[in-house]
Structure formats: C-alpha cells, structure tokens
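Good morning, and thank you for coming. I would ask you to keep the structure in view while I speak, and to find each residue as I name it.

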Amino acid sequence: MTTYENLADSSRVWVYQSNRPFTAEEIPALRAFLQRFATNWVSHNRALQAFAELYYDQFIVLMVDESQAGASGCSIDASVRFLQQLEQEFQVSLFDRLTFAYKENGQIKTASKSEFKQLYQDGKISNQTLVFDNLVENKKAFEQNWVKLLKESWHRRMV
C-alpha cells in the first residue's frame, strides 16, 4: 500500500459510506482488511499504487494513482467484491447512494433523500450545513470538495 502523501492529485477516488459508524472494536480489524486489500490490489497482474483508509469511522476511501497503472474493469470488480465481503463481515451497507451524510454539531449524521429534504424544509439543516460529496473523482477533489457547504453541493438539487 502506498502512502496518501505519495499519491498524485489526479489519483482516482472511490468513497463508500457505511450506513452506520464502525465501532471502536471493529476499526482495527477493518483497517487491517483495508491495508491488506490496498497492498495486494492489482490490475492485469500489475500492482496498483493504491491507498485505503477509514475516515470519520464511517467512510471507506480507496485511491489509485493511475499514472503508474490504471484500475481496469477487473480490478474495480475486485474492489466491489472486497467491499461486499466487508458488508458481510461487519453487517453494514456500503452501496446505498440515496443516503446523504452531513455534519451536525461536529457529528456525522445520515438521512435518506426524503428525510434530507424534510430536514431542510424544517430548517434543521440549511445551505450552510456541511455535506459529504461522495462522488468526488480524484485526490485533489477529495481534499478540496469532499466536505462542502450544502449550497455548493449537488445535494442542493435534492431539497
């Protein structure tokens, strides 16, 4: 596994949001699984310059520096299978793209699309609420735009 610092800004990013935070007891095992996967992740028998980490106890982030070797369809399929195994191991959901995550009083909260809209209409979240844009595509966007104001995010169209 490569270090975060050694990844190019153009490195490809995938963010997977868990339906719940991982517990303190689960995190060491999860991080070991992530490190092992990133170390062994290959594309057409070439090792990928990959990185995997857990953020905020709830987001699994995979990165690949494609300037060295690109992530192929087969290697992306391998990552999906790996994440499905994590779902089974930890009894979580990692592929629900219709649950939005946001910050409230320093805590990570999640809401379904309809709940999110209702929270906005009720004034419990606003254009100033920080939301997680799990659709960021590269390391630079991850650093600059993963967490952003609701008014600056695609989430704004949902309220």
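**From a loop serine to the sheets**

Let us begin with serine 126, which touches Tyr120 and Leu150 once residues up to four places away in sequence are set aside. Please note that what you see is a predicted model. Serine 126 sits in the loop between helix H3 (113-121) and E8.

With a relative accessibility of 32%, phenylalanine 95 counts as partly exposed. Leaving out residues up to four places away in sequence, phenylalanine 95 touches Tyr16, Val80, Leu83, Gln84 and Glu87. Between phenylalanine 95 and alanine 78 there are 15 Å in space, C-alpha to C-alpha, and the two are 17 residues apart in sequence.

Now consider glutamine 58, in the loop between E4 and E5. Why does glutamine 58 count as buried? Its relative accessibility is 3%, and the cut-off for buried is under 20%, so the term applies. Beyond its neighbours within four places in sequence, glutamine 58 has contacts that include Tyr16, Gln17, Ser18, Ile108 and Thr110.

E4 and strand E5 (residues 59-64) run antiparallel and are joined by six bridges. Within E5, isoleucine 60 stands opposite leucine 54. Which order do the strands of this open sheet follow? There are three strands, in the order E1-E5-E4, with antiparallel pairing. Strand E1 (12-17) and strand E4 (50-55) are the edge strands, each pairing on one side only. On average, neighbouring strands of this sheet are turned by 15 degrees against each other, direction ignored.

Across E4 and E5 lies H1, which runs at about 165 degrees to E4. Helix H1 (residues 27-40) has 14 residues and spans 20 Å from its first C-alpha to its last, close to the 20 Å expected at 1.5 Å a residue. Which residues of H1 are buried? They are Ile27, Leu30, Leu34, Phe37 and Ala38. Viewed down the axis of H1, these buried residues fall within an arc of 95 degrees, and therefore they line one face of the helix.

Alanine 101 has threonine 110 in E7 as its bridge partner. E6 and E7 make a hairpin with two residues between them, and asparagine 105 in the turn has a positive phi of about 55 degrees.

I close with the confidence of the model. The protein chain has an average pLDDT of 91, and 91% of the residues score at least 70. Confidence in the chain is highest in strand E8 (residues 130-132), at 98, and lowest in strand E2 (residues 42-43), at a mean of 62.

Notes
Residues numbered from 1 in each chain as written. Predicted model: local features only at pLDDT ≥ 70, side-chain atom pairs only at ≥ 80, totals over all residues. Heavy atoms only, no water. Buried < 20%, exposed > 50% of the residue type's maximum accessible area, 1.4 Å probe, protein only. Contact = heavy atoms within 4.5 Å. Helix = DSSP H or I, 4+ residues; strand = E, 2+ residues; numbered from the N terminus. Expected span 1.5 Å × (residues − 1). Arc of directions from axis to C-beta. Pairing = 2+ DSSP bridges. Axes fitted to C-alpha atoms, helices over the stretch in contact; angles between N-to-C directions. pLDDT = per-residue confidence, 0-100.
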